[in-house]
Amino acid sequence: ACNEICAMDTTYKPALNAEFCKALATLRRDPYGRLPQKQAEAVIAFLAASQPAEERLGWSFTPELDSFAKLLPYIICAFNAIDRDCDEVVSNQEFDAWMKDPKLEQRTEDTQWAFIDLKSVEASLPALCVRGLSGPNGLVGVMEHIKHIHFQDGVRSMTLQDCVVAAMKVFTELRMRIGT
């Protein structure tokens, strides 16, 4: 799924795409796990490199980058919840079905997982975790923007990489912030 390369300027390096793909594979398996430093840097570098040179991200984008980094595990959890057949591709219809009843898969006991609504997920999080998942600018709002950005031109399916790249656009182009 990571074979396609997003349009980037001339500073793009092939190794960046490889580490970005590794990061997505790691996050798909364990969205709440920690990425190795190299993969975490690749995600942020991919975000920066995907911007046109005249619109490079600077210090003024720090809140948006922080929001993106905090919400990325939940975006990936949402993608995983949408992709119930585990083929790493979701359709517009699958996306619509999730939007009507947004739930994330969460561990309920050591060996049991269940789909839980966003308010319950947020209530179960430690105090320092992201807040506002179920709010107006929360996960559903971000996923709605991701859906619009990706499917607006009649595209019929979305991969995890497409989803993350669209999320990057949500945070950079719309200057979306979570928990504010």
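Student: In which helix is Lys147 found?

Tutor: Lys147 belongs to helix H6, which covers residues 139–151. Keep in mind that we are looking at a predicted model.

Student: Why is Lys147 called buried? I would like to see the number.

Tutor: The relative accessible area of Lys147 is 18%. The word buried is kept for values under 20%, so Lys147 counts as buried.

Student: What makes the pair of Lys147 and Asp96 a polar contact?

Tutor: The side chains of Lys147 and Asp96 come to 3.1 Å. A polar contact needs N or O atoms within 3.5 Å, one able to donate a hydrogen and the other to accept it, so this pair qualifies. The two residues are 51 apart along the chain, and their C-alpha atoms are separated by 8.8 Å. Leaving out residues up to four places away in sequence, Lys147 also touches Asn92, Phe95 and Gln152, among others.

Student: Let's move to Gln39. How do you know whether Gln39 is buried or exposed?

Tutor: Gln39, which lies in helix H2, has a relative accessible area of 10%.

Student: Which side chain makes a polar contact with the side chain of Gln39?

Tutor: That partner is Thr26, at 3.2 Å. The limit is 3.5 Å, so the contact passes. Beyond four places in sequence, Gln39 touches Glu19, Lys22 and Ala23 as well as Thr26.

Student: And Asn80? Why does Asn80 count as buried?

Tutor: Asn80 sits in helix H3, and its relative accessibility is 14%. The threshold is under 20%, so Asn80 falls on the buried side. Its side chain makes a polar contact of 2.5 Å with the side chain of Arg28. Arg28 and Pro31 are the residues that Asn80 touches once those up to four places away in sequence are set aside.

Student: Which residues line the second largest pocket?

Tutor: Asn80 is one of them, and the lining also includes Arg28, Pro31, Arg107 and Trp113. That pocket has a volume of about 230 Å³. Helix H1 (14–29), H3 and strand S2 (103–109) each give at least two residues to its lining. By class, the lining has five nonpolar, two polar and five charged residues.

Student: How do you know that S2 and S3 are paired strands?

Tutor: S2 and S3 (residues 112–117) share six bridges, in the antiparallel sense. Pairing asks for at least two bridges, so these strands meet the requirement. A hairpin of two residues links S2 to S3, and Arg107 stands opposite Trp113 in S3.

Student: What makes Leu104 a buried residue?

Tutor: Leu104, in strand S2, has a relative accessible area of 0%. Buried means under 20%, so Leu104 is buried. Ile116 is twelve residues away in sequence, with 5.5 Å between the two C-alpha atoms. Among the residues that Leu104 touches beyond four places in sequence are Tyr32, Tyr74, Trp98, Phe115, Ile116 and Leu139.

Student: What is the volume of the largest pocket, and which residues are closest to its centre?

Tutor: The largest pocket has a volume of about 670 Å³. Of its 22 lining residues, Pro31, Tyr32, Gly33, Ala69 and Pro73 are the closest to the centre. Helices H2 (37–49), H3 (62–82) and H5 (118–124) each supply at least two residues of the lining, and H3 has the largest share, with six.

Student: How are the lining residues of the largest pocket divided by class?

Tutor: There are 17 nonpolar, three polar and two charged residues. Gly is grouped with the polar class, so Gly33, one of the residues closest to the centre, is counted there.

Student: To step back, what pattern does the protein chain follow along the sequence?

Tutor: The pattern is α-α-α-β-α-β-β-α-α-β-α, which comes to seven helices and four strands. Of the 180 residues in the chain, 44% are buried. Among contacts between residues at least 6 apart in sequence, 61% join residues at least 24 apart.

Notes: Residues numbered from 1 in each chain as written. Predicted model: local features only at pLDDT ≥ 70, side-chain atom pairs only at ≥ 80, totals over all residues. Heavy atoms only, no water. 1 Å grid on protein atoms, 1.4 Å probe; cavity = no way out; pocket = protein on both sides within 12 Å on 5 of 7 lines; lining within 4 Å. Points joined across faces, edges and corners; volume = space filled by probe spheres on them. Buried < 20%, exposed > 50% of the residue type's maximum accessible area, 1.4 Å probe, protein only. Contact = heavy atoms within 4.5 Å.
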